[in-house]
Amino acid sequence: MTLTQSRAAGWPKRGWLWAGAVIILASACAWITIFPRPTAPSTARVIGASAEPKSPPWIYGRANARFTIVEYADLQCEFCRAYFPILRKWIDEHPDVKWQWHHLPLDTHEPAATQAARLAECAGQMEGNGAFWRAVTWVYSNPTTSDTDHAVPAGFPFRSPSFGTCLESQRPDTAIQSDFQAAVHDGIQATPTLKLIDNASGRSLLLSGPVEGDRLLSAFDLLMDTASDGIGREVQAPPSAQSSSSPPRGYRPASFQHAELRGDLHSANSRNGISALRIRA
């Protein structure tokens, strides 16, 4: 059932009255438990091989879906790793929503975070969209602490000569830097952070932290309501939506020097506050 069908069938409008203290406590407890290891994404949900792009954006789900969830994630972030199979299952169950990946390596996880992002980028750029998602799945299932930017971990499924050439180039760094600049623009400083987009209206909102099930539906409900009403407003996300991941002080691959971007990131979040859920026209 799609999001719009759910509303038509009487899906209760949650508005912006989020779950109470009991649900928040239950959510907090759930994140302390041990999460299942990620498994390879279903190929039925990845854009078909005949149309697979070999460049970002990396999309999981239907290319023509009305809604998009852009996730800013760090491949060494434990919250992101735990959230990965949860969000993937939710996307599988909601075919009118697609998932788009944006890299945001955190300083506290460097250099392994950037190295992992480069592996995923080169897998996608050499083998296609499906390979990117398989690489992300492998990295989350096999955390690495390598200090070498161009090292390929034992067991990594992509090792072609073209893949090695990609790792030796600046191609993956360019893609990661582009994602970082998008994070600066949106005032994002923690992972995971979600940007929900209604592709029909062009409106979007930001949610920080791992957001599950009913809270995602509530957020899309609010996004559709503001689109139909022509309203844009700012509301506060609940404390339970916050991630305790350390904020990045700036993604910094060796080939880039961007102290000015780190300053922009700091000032953007001083203005907006990462705790705010912002709806944008």
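Q: Why is C166 called buried?
A: C166 has a relative accessible area of 3%, and buried means under 20%, with exposed over 50% and partly exposed in between (1.4 Å probe, protein chains only). C166 is therefore buried. This is a predicted model, in which local features need pLDDT of at least 70, side-chain atom pairs count only at pLDDT 80 or more, and totals for chains, interfaces and linings use all residues. Residues are numbered from 1 along each chain as its sequence is written, and side-chain values use heavy atoms, leaving out hydrogens and water.

Q: How do you know that C122 and C166 form a disulfide?
A: Their S to S distance is 2.1 Å, and a disulfide is a pair of cysteine sulfur atoms within 2.5 Å. By this rule the count comes to one disulfide.

Q: What makes the link of C122 and C166 left-handed?
A: The angle about the S-S bond is -80°. C122 lies in helix α4 and C166 in helix α6 (residues 161–167), so the link ties together parts 44 residues apart in sequence. Helices here are DSSP runs (H or I, at least four residues), numbered from the N terminus.

Q: Is C122 buried or exposed?
A: C122 has a relative accessible area of 0%, so C122 is buried.

Q: Why are α4 and α5 called roughly antiparallel?
A: Helix α4 (residues 112–127) and helix α5 (residues 129–141) pack at an angle of about 155°. Angles over 145 degrees count as roughly antiparallel, under 35 as roughly parallel, 65 to 115 as roughly perpendicular and the rest as oblique. The two helices are therefore roughly antiparallel.

Key
Axes fitted to C-alpha atoms, helices over the stretch in contact; angles between N-to-C directions.
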